[in-house]
Structures are given as structure tokens and as C-alpha cells.
Amino acid sequence: MSAASKQTEDLVNVQVDGHWIQVKRGTRMIEACKQASAEVPHYCYHPKLSSPGNCRMCLVEMGMPPRPTPGQEAELDNDGHAKISWMPRPVIACANTVAEGMGIRTQSTLAKECREGVMEFLLINHPLDCPICDQAGECTLQEYSVEHGKGESRFLENKVKKPKNVDIGPRIRLDDERCVLCSRCVRFTQEIVDDDVLGFVDRGSHNVLTIHPDKPLANNYSLNTVDICPVGALTSNDFRFKMRVWFMRETKSICNGCARGCNILISSRENKIYRQTPRENNEVNSSWMCDSGRLNYHLLESDARLTDPMMKKGKSHETVDWPQAIRRTAEGLLKYKGDEVAIIASARMTNEELYLVRVLADTLETKNVDTLKCHGEGDDYLNHKDRRPNTNGAKAILKLRSPGSRVNSIKKGIESGSIKALLVYGENIESKGFDDGVLSKLKFLVSSHILANPTAKLSDIVLPGASYAEKRGSMINATGRLQLLNKAIEPPGNSRDDWEILQDLNCAMDGKDFIYELADLFSEMASVVPVLKGFTLSGIGEKGASVIETGETIPLLEREAQRVNQGLIVG
Amino acid sequence: MAVIVERPKLSILEKFYFPAIMKGLRITLGHAIRILRRKKKVTMQYPEEKWDNNLPEHYRGAPALVTDEHGRERCVSCQLCEFICPPRAITIIPEEIPPEDQWSKVEKRPREFEIDMIRCIYCGMCEEVCPEQAIFLRKDYAISGYTRDEMVHNKKKLYEIGGVREGLVNKWNTLK
Ligand code: SF4
Ligand code: SF4
Ligand code: SF4
Ligand code: SF4
Ligand code: FES
């Protein structure tokens with residue numbers, strides 16, 4: 001049966017490199033080629049940005065069936081498709097859409113010669129900076145010049161010199177000699193973050209990217225320009241000269257900076273994180289993330305990291321081993337029963353950890369369980385006003401209607417003496433209204449955190465936990481999406497993964513068996529938490545799964561969806 | 001496909017291995033007697049005597065870093081040698097060249113550059129991969145030390161061994 005007969009309302013037949021495929025009407029030629037596994041090299045095209053078609057790297061050969069004269073039958077090829085007559089000049093694949101019966105050749109002599117020509121022109125003034133360029137190893141200029149370049153220069157003139165090492169913002173450095181003038185960065189700042197500070201000046205081979213004289217590129221999304229720059233023209237000050245990209249291992253995880261839960265890649269080498277970059281998820285963060293979330297990982301390198309469990313002795317703390325710390329914590333908590341004990345957990349904890357807190361609260365038979373409400377200023381793009389990544393998880397698992405509402409009564413309870421023991425997990429409550437005066441009324445205070453903070457100082461026992469990059473687990477973001485956190489590096493010193501600490505504590509108190517697999521713990525949790533019903537840890541997947549209808553929308557994604565509808569971007 | 005190699009057919013004399021043993025003994029004894037009569041010297045009295053003057057041009061000794069004729073460190077800390085080194089003997093910590101430095105236009109240099117000479121197998125891959133012609137295998141071969149730490153050549157030591165190399169890749173000297 002001929003494929004041509006299957007043309008339907010919104011599918012069209014397109015021939016790519018001799019093979020017929022069906023793609024959605026309105027698809028860009030470059031995307032159609034991608035679907036046919038024929039990658040077309042490109043610089044300026046980015047699916048989330050408008051397509052100015054200015055780099056000409058994506059030139060391909062295109063043809064259409066000739067329109068038959070009235071009364072004439074279209075000539076058919078062996079597959080039953082109308083014969084294509086090829087156009088003598090190439091077209092760009094990024095900004096043109098497919099049409100019924102269209103033919104695209106990505107490997108023809110014409111297409112190849114076009115690419116080679118464009119590559120040669122792009123490289124005539126190139127400074128050959130690869131040895132000192134942070135983009136080396138993930139640079140499309142390198143990749144395409146291997147595939148389509150000449151290997152030597154025919155250019156005899158002196159190269160044009162352009163500004164190098166230019167400070168264009170607090171987090172970004174520009175090297176104009178490396179720039180291929182694709183304008184991705186300009187379009188990003190105009191279209192996505194409404195901060196139109198980049199532009200081109202001068203003409204011909206002196207054409208350079210430049211920054212507004214009075215306005216630096218300082219918005220909280222500026223580092224995304226570094227990611228989308230196909231070459232090393234824009235580099236990150238934070239990552240500058242720290243590590244070559246080919247040494248790093250990438251771990252798929254999520255950002256813990258706010259309740260958005262942007263999908264990220266954590267790049268690390270030998271137990272040290274070097275950078276975080278956004279990972280595409282069109283339900284959460286598109287292809288972007290904010291700078292503050294991206295640079296969040298420096299917190300893990302703080303000198304204040306706790307590395308050993310500690311117990312108060314007189315006025316100071318002494319280091320103890322884990323079994324002792326756990327035993328003393330369990331003994332201390334079991335001395336009090338019911339509502340004499342309070343637990344302040346954190347929406348920074350994973351679902352699994354929160355579930356273990358719930359088990360602990362059940363053992364202690366206390367109702368005084370809450371998390372803190374930490375709201376800051378969100379923005380109109382991705383950043384969420386809720387500064388905690390897993391508030392929705394805390395709500396679902398700890399059965400909190402409105403997190404933070406019980407905190408005041410816990411504080412009053414401590415002040416009045418009805419609450420005698422407090423377990424604080426993952427928060428520095430000292431800075432949240434529980435001052436020394438309040439906390440010193442307690443008979444027994446245990447805290448767990450990654451940093452030595454004032455709360456830890458007042459605690460009888462301090463349990464050092466693991467940061468978001470040092471553990472696995474799941475979280476539910478602001479829009480109700482269940483997502484996975486993955487372990488990129490090991491926690492420092494003797495600090496441990498929190499789900500192990502909490503389980504040790506639970507086992508010491510209720511005598512139940514230790515669950516060795518996080519997946520098994522997740523399954524146990526999923527059987528009692530309604531919104532997680534039917535999920536397994538491995539079933540969550542890289543891009544997460546929607547579990548709660550929160551009715552919230554993501555401003556940046558709304559606008560992108562609009563532009564997709566208008567046909568401005570591919571999305 | 002298996003190839004079957006025929007065993008050579010031995011003659012009677014060859015099967016009877018005594019003559020071969022005698023032949024060997026004769027050579028050994030010959031040398032012994034010649035040495036006793038001080039006709040020919042076979043052993044070199046290392047380390048009093050050394051081969052150094054006879055080393056061929058392509059000799060691969062200890063890898064070392066070199067500076068150019070202006071005293072600029074040629075290495076820009078691209079870490080390609082660290083990547084290619086088969087026993088992973090090289091460890092580099094890069095840094096940015098401060099703006100007040102004479103060579104600040106080069107932008108990048110190694111803050112620390114270490115080659116663990118216990119690991120190094122003198123393969124020369126680092127020299128071959130270096131895009132800046134900054135690392136060379138020199139003729140030093142007697143690398144020794146009392147501790148493992150001593151066997152790690154740091155940046156200072158590497159430049160000491162390496163010295164100056166002129167007129168190779170010189171793009172940084174003309175740039176700007
Ligand atoms: S700096 Fe990068 S993203 Fe911006 S125009 Fe130049 S090559 Fe394109
Ligand atoms: S918006 Fe929130 S989740 Fe996304 S990168 Fe920023 S802090 Fe992280
Ligand atoms: S000579 Fe070979 S083993 Fe020695 S440092 Fe160079 S690459 Fe490594
Ligand atoms: S390959 Fe050459 S320039 Fe690069 S780090 Fe090694 S010695 Fe330095
Ligand atoms: S990718 Fe098509 S013109 Fe740049």
C-alpha cells in the first residue's frame with residue numbers, strides 16, 4: 001500500500017534522504033529531519049526561541065512535486081508518491097515548515113558543500129582558543145568543524161581582532177572572537193526574560209555582540225545564555241577554568257532552591273560538584289533554571305558542614321559515633337510520651353524521610369508535628385515564592401492542611417512547659433522565632449541539619465545529614481509533580497543519608513526491621529499515602545509524574561505555550 | 001580459522017641436545033676468559049658511568065614542562081594530557097591569570113601541575129597530545145626518592161627539569 005494514500009488532516013508525507021515519513025503539518029523541516037534521525041547541523045535555531053535563520057548552517061536541499069498542468073496526471077515514483085523536482089538552491093531547514101510531498105536531502109553534494117562553506121566562513125577569524133575555552137568538549141563549532149570543516153585555513157589575511165574576556169555581568173564573561181553571531185543569547189534575553197541588554201553592533205566582519213553600556217546582564221536567569229550559546233563566547237564566571245567538561249559525570253536530579261523543582265544535571269568529578277545545568281522538562285522548567293538555584297550547590301562546600309554526630313557535654317559538644325548518638329536520641333525521646341514531644345520537620349526533606357518522620361510521630365504518639373512555612377519572593381518566570389522544594393510532599397505525607405500552622409502552638413507549648421522534647425529536622429528554627437530563651441526551656445533538643453547553626457549549638461544531640469546532592473529520594477513540587485532526586489556525591493565525613501538516620505532512630509524506638517532498599521521504603525509509603533498510590537520509585541521516571549492537581553500555573557511555561565500556538569517557536 | 005603450524009623436523013644431531021649445550025658453554029666461557037684477560041669490557045659501571053651521551057634523540061625520559069623564550073609558561077592548563085595519560089599520572093589544578101600579570105591575555109594557566117612519577121610509564125602521550133607544545137619527555141631517567149611524595153613532581157620541579165623551548169607554537173606571543 002502506498003504511503004501517499006495515508007495523508008490525513010494533520011499529517012503530511014515528507015521524504016527525508018530518500019525515505020518517506022509522516023510528520024505533523026506545520027513541523028519545521030529541521031524537526032522533520034530529526035524525526036527521521038537525520039540531524040541537521042545548526043547554530044541559531046533553538047526550539048524554545050524564535051527562528052531568525054541567520055547562521056545558514058542548516059541549509060539543505062529541498063524539492064516539491066511540480067504542479068501538474070490542468071488535465072495532466074502527477075507523475076508518480078515507485079512508492080506512489082508524486083515525483084519531486086529539486087530546487088537548484090538550498091533552503092534553511094530551521095525556519096521553513098514541511099508541505100505535502102516535500103523532499104529534503106541533508107546529505108546531497110549541494111547540502112554538504114553549503115555546510116562546508118558556512119563552516120569555513122565561521123572559522124576564518126576564529127581565535128583557536130579551544131585549549132583555554134570552557135566550552136571545549138561540548139562546543140558545536142568543534143563538533144561541526146570535525147564533521148564539515150576543512151582542517152586547515154585558506155585565509156591568508158590577518159584575523160580580525162575582537163574584544164576578549166569582557167565582563168558583561170556579574171556571572172558572565174563574553175569572548176567576541178569566539179561568537180558565531182547566532183543571536184540565541186539576544187533572543188533569550190528579549191523573549192524569555194524581558195531583559196533586552198544584549199545586541200549586535202558594527203558591520204561585516206567587525207560585527208560584534210555587545211552589552212548595553214549602562215545595563216549589565218544581571219537578571220536571575222542570565223546563566224541560561226551560557227547554556228544555549230553553541231560556542232564558548234559566553235562562559236560562566238562560576239565555572240570558569242574549574243574543570244574540563246569531559247571529566248565530569250552528570251547526575252539527573254532536581255533543584256532544591258524553591259518549590260518549582262527545576263530538572264537539573266549535576267556535574268561532578270571525584271566527589272566535588274562543579275556545576276549545575278538545567279535539564280529539559282516541558283512540564284516544569286522548559287529548558288531553563290534560575291541563577292540562584294544553579295549556584296546553590298556552593299552551600300554544600302561550606303566550612304560549617306557537620307561531619308560527625310555530636311552530643312552536648314557541659315557547654316560544648318563532643319563527637320560521638322552513630323550507634324551512640326542514635327541510642328541516646330531514642331532514649332531521650334522515649335522518656336516523654338505523647339504530646340510532650342514535638343517534631344519540626346522540613347519541606348526540604350524527601351518524601352521517604354517525611355514518611356519516616358510520620359512513623360516516628362506515630363511511635364511517639366504525638367500530634368505536635370509540623371514543617372516551617374518559608375515564603376520569599378517568587379518571580380514571574382520560574383522561581384517560586386515557596387522556598388522549600390517539597391511542601392506538597394510534606395502536606396501529603398504528614399497530613400498537614402497548612403504547613404506552619406502548628407508551629408506557634410508548639411512554641412507556646414515549649415514556653416509553657418507542656419512540650420519537653422523537640423526534634424528539629426533540616427531547619428534552623430533559631431532564626432524562625434525560636435530564640436535561645438524558648439529553646440533553653442526544653443529538657444531535650446535534637447537537631448539534624450547539614451550545617452552547624454545556632455539551633456545545633458543549643459541541641460543536646462546533633463545528627464549530621466546529607467544535602468540534596470548527596471542522597472536519593474522523591475519530592476512533590478509546587479505544581480504537584482512527583483520527581484526524583486539522585487545522588488551525585490557522597491556526604492562529607494561521617495554524615496549520613498537522612499533516610500538511614502531516621503530509620504536507625506525508628507528501629508531503635510519501635511524495634512522494627514531496617515528496610516535496606518529505598519525503593520522498598522517508597523513502596524511501603526505509597527501503600528499508605530493516597531496520592532502516591534500505585535507508584536514505585538523506579539516508576540517515577542526521569543521527568544517525574546503528576547500526582548496532585550494544584551491548579552497552579554507556571555508563568556514562563558504559559559508564555560511559551562502561547563508562542564507555540566502562534567507558531568513563533570517550536571517548543 | 002585455525003592455522004596449524006607444522007613442527008620443524010629435527011635431525012638426529014638436533015634431537016640429541018648435548019652439542020647445543022656445549023655450544024652455549026663455549027660462548028659463555030669465551031666471554032669469561034676475555035674479561036679475565038681484560039680484552040673487552042661488557043658491564044658498565046653505573047652510576048659512576050652513564051649512558052647519557054649515547055641516548056638517542058627520541059629517548060623518552062621524565063615528562064617536564066617548558067617555558068618559551070619570553071619566560072611564559074607554555075602550558076595553558078587545558079588538561080588534555082591529564083585526560084590522555086594512560087596511568088592517570090597527571091593532576092592539574094587550573095587557574096585564571098590575574099589581569100595585572102604580563103601574560104593575562106593568555107587567561108589560563110596551571111595553578112598546580114603534578115606528575116606522579118611512580119605512575120608514569122614514559123609513554124609520551126602527554127607530549128603528543130599537547131596543543132601548546134608545553135610538555136616534553138626529557139632525557140632524565142633516574143627518578144628516585146625516599147617517599148612516595150618525593151616521587152610526585154610538582155609544577156616547580158617540572159619547570160626545573162623542562163627548561164626553555166623556543167619557537168614552536170607561538171600564537172600567544174603575537175595575539176593582540
Ligand atoms: S554569544 Fe553565543 S549565543 Fe550569543 S550570539 Fe554569540 S555565539 Fe550566539
Ligand atoms: S526556579 Fe527554583 S527550582 Fe528552579 S532553579 Fe530556581 S531555585 Fe531552583
Ligand atoms: S609519559 Fe605517559 S604516563 Fe607519563 S605522564 Fe605522560 S602520558 Fe602520563
Ligand atoms: S596538554 Fe599541554 S597545555 Fe594542556 S595541560 Fe597538558 S601540558 Fe598544559
Ligand atoms: S539554524 Fe537555520 S539558519 Fe541558523
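**A chat about the two chains and their ligands**

Visitor: Hi! How does the shell around ligand 4 divide into nonpolar, polar and charged residues?
Guide: The shell has 10 nonpolar residues, 2 polar ones and 1 charged one. Here Ala, Val, Leu, Ile, Met, Phe, Trp, Tyr, Cys and Pro count as nonpolar, Asp, Glu, Lys and Arg as charged, and the others, Gly among them, as polar. This is a predicted model, where local features need pLDDT of at least 70 and side-chain atom pairs 80 or more, while totals for chains, interfaces and linings use all residues. Residues are numbered from 1 along each chain as written, chains are lettered from A and ligands numbered from 1 in written order, and side-chain values use heavy atoms, without hydrogens and water.

Visitor: Which residues are the closest to ligand 4?
Guide: B:Cys75, B:Cys78, B:Gln79, B:Cys81 and B:Cys130 are the closest of the 13 that surround ligand 4. A residue is near if one of its heavy atoms lies within 4 Å.

Visitor: And what surrounds ligand 1?
Guide: There are 14 residues, the closest being A:Cys179, A:Cys182, A:Ser183, A:Cys185 and A:Cys229. That shell has 12 nonpolar, 1 polar and 1 charged residue.

Visitor: New topic: how many residues does each chain bring to the contact?
Guide: Chain A brings 21 and chain B 19, with contact meaning heavy atoms within 4.5 Å. About 1,700 Å² is buried between chain A and chain B, and carbon and sulfur atoms give 56% of that area. Buried area is the accessible area (1.4 Å probe) that two parts lose on being put together, summed over both.

Visitor: Which three residues supply more than any other three on chain A's side?
Guide: A:Pro131, A:Ile132 and A:Phe241 supply 35% of the area that chain A buries against chain B.

Visitor: How many salt bridges are there between the chains?
Guide: The count is 5, each a side-chain nitrogen of Lys or Arg within 4 Å of a carboxyl oxygen of Asp or Glu. One salt bridge joins the side chains of B:Arg88 and A:Glu270, at 2.9 Å from N to O.

Visitor: What's the strand order in the open sheet of chain A?
Guide: Its 7 strands run E16-E15-E21-E20-E19-E17-E18, with mixed pairing. Strands are DSSP runs (E, at least two residues), as are helices (H or I, at least four), numbered from the N terminus; two strands pair if DSSP finds at least two bridges between them.

Visitor: Which are the edge strands?
Guide: E16 (316-319) and E18 (369-371) of chain A, each pairing on one side only.

Visitor: How do E15 and E16 of chain A pair?
Guide: They pair in the antiparallel sense over 4 bridges, and A:Lys312 stands opposite A:His317.
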